[in-house]
Each structure stands twice: as structure tokens, then as C-alpha cells.
Amino acid sequence: MLSPSAEQDRYGRVDFTNLQGWIQKADGPLQFYVHAGLYSIPALGLPLYSSFEQTQSLFGPVPVAFGKWQINDEWSIQAGRMFTNIGSELLFSYQNLNISRGLVFNQENFINQGVQVNYASGPFAAAVSVNDGFYSGELNWVTGLATYKIDDSNTIGINGGTHFSDFDSSTRSPRFQFATINSLQNSSIISVNYTYANGPWIISPYFQYTNVARKDNYFSPIIGGETWGGALLAGYAFNENFGLAGRVEYIAQSGTRFDTLSATSLLYGPGSSAFSFTITPTFTWDRYFVRGEFATVQAYDVTPGFGFGRDGTKRSQERYLVETGFTF
């Protein structure tokens with residue numbers, strides 16, 4: 001499979017995942033955050049291109065940069081290029097229990113450009129944003145989140161978003177469509193999550209639903225699609241130097257393989273589904289870390305050409321990763 005610059009996915013590569021730094025001002029009424037550098041975002045079920053390719057084709061060398069006005073202890077407004085409100089897994093590998101992002105994560109948007117209002121009081125926090133969804137540059141999405149901290153160990157939350165006008169990224173260059181996937185840009189999504197964090201344990205299950213509406217055109221209507229997915233993430237720290245994390249998930253798309261010519265594919269063709277398992281041991285010594293990972297994906301009812309591998313015919317994907325480096 002080729003990227004927008006015709007780079008071919010490989011069976012293996014040595015690369016950077018997070019050659020990044022950031023600067024921020026987090027006090028006073030006027031605050032800011034700027035995040036810059038080189039990054040690769042490994043995601044299960046998808047090809048893995050180089051950090052140079054992904055940085056150029058996704059969000060550029062400055063993926064996050066926003067200013068913030070802290071009105072008072074409870075309210076704030078921020079604007080610029082921000083992390084999304086949607087989902088339970090974060091974008092970069094160093095922010096997560098696992099190196100690779102999951103199948104459910106692949107349905108979400110990652111970076112939004114727009115304006116956001118935040119509220120926090122006691123155990124409750126919420127945010128609402130008007131933004132460009134899947135990085136289209138057009139303000140046609142609204143997203144939001146709400147979390148409630150039940151006690152020191154338990155937190156529940158809900159997040160989601162929808163577009164309020166359609167956007168056709170198919171008229172743009174292939175490089176533009178690498179970040180702004182046409183079907184997902186015109187979707188709606190909702191996710192509920194729960195997190196237990198106590199001592200050495202972190203356990204976080206979440207469930208997610210997405211919808212792409214039917215679209216009529218001059219020739220024939222394009223049937224929309226829905227996905228339902230759930231994931232369980234867990235981590236246990238045996239001591240200050242060693243921890244083990246894992247993830248299991250399942251996701252399915254509506255429709256049947258007979259809808260291929262008239263339906264939107266959000267997974268591996270209409271009616272397809274997939275299961276994944278990931279395990280990630282991590283060793284740390286002061287600021288140095290090394291972690292390995294094994295992940296496997298099994299897809300079912302795959303439309304020919306929509307599966308794994310360079311020709312889209314494989315039904316499974318296995319991935320072995322080693323990540324090492326320093327944090328500052």
C-alpha cells in the first residue's frame with residue numbers, strides 16, 4: 001500500500017516515534033501550549049509509514065499550538081490547534097499504556113483546529129469545542145466531553161461529536177486526505193468510558209459508536225455506515241522499574257459484503273468486524289525506558305481488497321515493536 005508520497009508500507013523499519021518537545025505557560029490569566037517535533041503514530045490494522053512521512057502528511061512539525069484565557073478558577077477559553085475531546089486513548093505513544101493505538105481509536109479524530117470552552121468545578125469537568133473535525137480546515141464540527149471523579153480511584157466520562165455541514169475532501173490532494181478521511185469527516189461519534197486507578201493498577205474500559213449518514217449523489221445513493229466497538233485497557237506496575245499493560249478490543253461495521261459498491265467502508269468493508277489483542281511490557285531506569293509490544297488483529301467478513309497486506313487480501317495482522325528512549 002502506498003502513502004500520499006508513494007512510500008510503500010514495509011514489513012519492518014527503524015524509526016522515531018516521538019522526537020518532540022513542548023513549551024507551555026500554565027499560570028496566570030493568559031496561558032499557552034506549543035508542541036513540536038517529529039512523530040510516528042503506529043495504529044493497529046493500518047499500514048505504518050515513517051515519521052517523516054506521517055509528520056508531513058498529517059499535522060506538520062507543530063501538531064499542537066493554542067492560546068488559553070483562564071477567566072477564573074472554573075472557566076477558560078482556548079483557541080488554536082488542540083488535542084481532540086474524543087476517545088479514551090491519546091495520540092502519541094508516550095502518552096499511552098501501549099505503543100500502538102487500537103482499532104476503536106482509528107475511528108476518531110486526533111487533532112482539531114478551532115475554539116474550545118472549558119469548565120471545571122470539584123469532581124466535574126466539561127468542555128465544548130467548535131472545530132474542523134478531521135483536520136479539514138473548515139469549522140463544521142462540534143465536540144464535547146464531560147467527566148466526573150467519583151472518588152480518588154474511580155472516574156466516569158462521556159465524549160463525542162458530530163458535523164453540522166458536509167465536507168468533501170475527495171476534491172483535495174491525496175496528501176490532504178491522509179489526515180482528512182472523507183467518510184469519517186462527515187461522521188458522528190459518541191464514547192463512554194470508566195477509569196479505575198489505584199496503587200499499581202489502571203483499568204479503563206470504554207465503548208464507542210460511530211455513524212456516517214446516507215449520501216445521495218447524481219448516480220446512486222451511497223449507503224452510510226455504523227460501527228460499534230469496545231476496548232479494555234489495563235496496566236499493572238510490579239515495581240518502579242517494571243510494568244505490564246494490555247488491551248483487548250472488538251469492533252464491527254453495519255451492512256453486508258453485498259453492499260460493497262454502494263456503501264461506505266469504515267472498517268474492512270461493509271459487514272466486517274475485527275478483534276485485537278496487545279501486550280506491552282515496560283522497563284524504566286530513571287529517565288531511560290524500553291518497552292516491547294506484541295499485537296495481533298483478526299478481521300472477519302472482509303471485502304476482498306480491503307484486508308491487510310499490500311494487496312488487501314490478508315485477514316490477520318501481527319506486529320512486533322520495540323520502543324526505547326529518554327524522557328525529559
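Predicted model: local features only at pLDDT ≥ 70, side-chain atom pairs only at ≥ 80, totals over all residues.

Trainee: How many aromatic pairs does a search of the whole structure find?

Mentor: It turns up 22 of them. There is also an aromatic cluster made up of Trp 201, Tyr 236, Phe 238, Phe 242, Phe 283, Trp 285, Tyr 288 and Phe 326.

Trainee: Now for the inside. Which residues have the most contacts inside the largest nonpolar core?

Mentor: The background is that in soluble globular proteins, nonpolar side chains tend to be buried together. In this model the largest nonpolar core has 14 residues, and those with the most contacts inside it are Tyr 39, Ile 41, Leu 58, Phe 59, Leu 91 and Ile 111. Strand 2 (30-39) and strand 3 (64-70) each bring at least two residues to this core. Apart from it there's another core, of 11 residues, including Leu 44, Ile 251, Leu 267 and Ala 274.

Trainee: What is Tyr 39 in contact with, if I leave aside its neighbours within four places in sequence?

Mentor: Its contacts include Phe 16, Thr 17, Gln 20, Leu 58, Phe 59, Pro 63 and Phe 92. Now click on Phe 92, in the loop between strand 4 and strand 5. With 0% relative accessibility, Phe 92 counts as buried. Beyond its neighbours within four places in sequence, Phe 92 is in contact with Asn 18, Gln 20, His 35, Tyr 39, Ile 41, Pro 63, Phe 83 and Arg 101. Phe 92 and Phe 110 are 18 residues apart in sequence, and their C-alpha atoms are 9.8 Å apart in space.

Trainee: And empty space? What is the volume of the second largest pocket?

Mentor: Rolling a probe the size of a water molecule over the atoms shows where empty space is left. The second largest pocket comes out at about 1,100 Å³. It is lined by 50 residues, and the closest to its centre are Thr 84, Asn 85, Gly 87, Leu 90 and Leu 145. Strand 4 (residues 75-83) gives the largest share of that lining, five residues. By type, the lining has 23 nonpolar, 21 polar and six charged residues.

Trainee: Next, backbone angles. Which residue has a phi near 60°?

Mentor: That's Tyr 135, and the value is positive in a residue other than glycine. Tyr 135 sits in the loop between strand 6 (124-131) and strand 7 (141-149), and counts as buried at 13% relative accessibility. Asp 301 isn't a glycine either, yet has a positive phi of about 50°. You'll find Asp 301 in the loop between strand 14 (288-300) and strand 15 (316-326). At 40% relative accessibility, Asp 301 is partly exposed.

Trainee: What does Arg 315 touch, not counting residues up to four places away in sequence?

Mentor: Arg 315 touches Val 297, Gln 298, Ala 299, Val 302 and Phe 308. Arg 315 lies in the loop between strand 14 and strand 15, and is partly exposed at 35% relative accessibility. Lys 314 is also placed in the loop between strand 14 and strand 15, and counts as partly exposed at 44%. Leaving out neighbours within four places in sequence, Lys 314 is in contact with Gly 307, Phe 308 and Gly 309.

Definitions and conventions
Residues numbered from 1 in each chain as written. Heavy atoms only, no water. Core = buried A, V, L, I, M, F, W, Y, C linked by side-chain atoms within 4.5 Å. Buried < 20%, exposed > 50% of the residue type's maximum accessible area, 1.4 Å probe, protein only. Helix = DSSP H or I, 4+ residues; strand = E, 2+ residues; numbered from the N terminus. Contact = heavy atoms within 4.5 Å. 1 Å grid on protein atoms, 1.4 Å probe; cavity = no way out; pocket = protein on both sides within 12 Å on 5 of 7 lines; lining within 4 Å. Points joined across faces, edges and corners; volume = space filled by probe spheres on them. Nonpolar A, V, L, I, M, F, W, Y, C, P; charged D, E, K, R; others polar. Phe/Tyr/Trp six-rings, centres within 6.5 Å; stacked < 30°, edge-to-face > 60°.
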